[in-house]
Amino acid sequence: MTSFTVHSLETAPAGSRPLLEGLKKAFGFVPNLYAVFAESPAALQGALAIGEAFSKSSLSPVEQQLVAIAVSETNDCGFCVAAHSTIAKYIVKADPALVAAVRNREPLPDAKLDALVTFTRKLVEQRGYVAPADIAAFLNAGYTKAQVIEVLLGVGMKTFNNYVAHIAHVPLNDQFKAEAWQPKRKVA
């Protein structure tokens, strides 16, 4: 098995060090996924840029985290489900029942948020080839055409992150362990 390095500020390529320093300043630690991204300064910069763009979408911070959890759960990414569950519950103050429902593939008690999560999962599972009725259901729940595109932005961001986490077998940071999650399907 190919081993990937969880870089520190000392071991990261020079082009990644300022980005890792910024993450440490923002979070108080460097999430291990970004420490793996540091192998490629371009990939780390891209991951941070797309995350920043998604954070500026018209979706609320809670909605953004539910999208991130839904994509990560659908893609069987234990690292990202745990990380975004932590962010959702402790940083953006999402209702823990909403987070648990997404993690467990259960209906959400809020119809609009349930439509968001359902639409997100369909985008991932069907690789973007959703039926017109799926888009209509999302729009009829109170979302906009711009938010269709913004959900796709979140799907792209998280799919990239999920796949890096899968390939590199990124270990969970201690800060995320309270929200540890195991994929339902057998993964390599």
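Predicted model: local features only at pLDDT ≥ 70, side-chain atom pairs only at ≥ 80, totals over all residues.
Helix 1 (17-27), helix 2 (32-37), helix 3 (41-55), helix 4 (61-74), helix 5 (78-91) and helix 9 (145-168) each give two or more residues to the lining.

What classes of residue make up that lining? The count is 18 nonpolar, six polar and two charged.

Now for the packing. The largest nonpolar core has 27 residues, and the members that touch the most others are Leu108, Leu116 and Val151. Helix 4, helix 6 (96-103), helix 7 (111-125) and helix 9 each supply two or more residues to this core, with helix 7 giving the most, at six.

Take Leu108 as an example: once neighbours within four places in sequence are set aside, Leu108 has contacts with Leu66, Leu98, Ala101, Val102, Leu113, Asp114 and Val117. There is also a second, separate core of 23 residues, with Ala12, Leu33, Ala38 and Ala82 among them.

## The chain as a whole

Of its 188 residues, 45% are buried. Among contacts with a separation of 6 or more, 68% link residues 24 or more positions apart.

As for overall dimensions, the C-alpha atoms fill a box of roughly 50 × 30 × 30 Å along the principal axes. The radius of gyration is 16 Å, which agrees with the value near 16 Å for a compact globule of 188 residues.

Note on methods
Residues numbered from 1 in each chain as written. Heavy atoms only, no water. Helix = DSSP H or I, 4+ residues; strand = E, 2+ residues; numbered from the N terminus. Nonpolar A, V, L, I, M, F, W, Y, C, P; charged D, E, K, R; others polar. Core = buried A, V, L, I, M, F, W, Y, C linked by side-chain atoms within 4.5 Å. Buried < 20%, exposed > 50% of the residue type's maximum accessible area, 1.4 Å probe, protein only. Contact = heavy atoms within 4.5 Å. Rg over C-alpha atoms; globule rule 2.2 N^0.38 Å.
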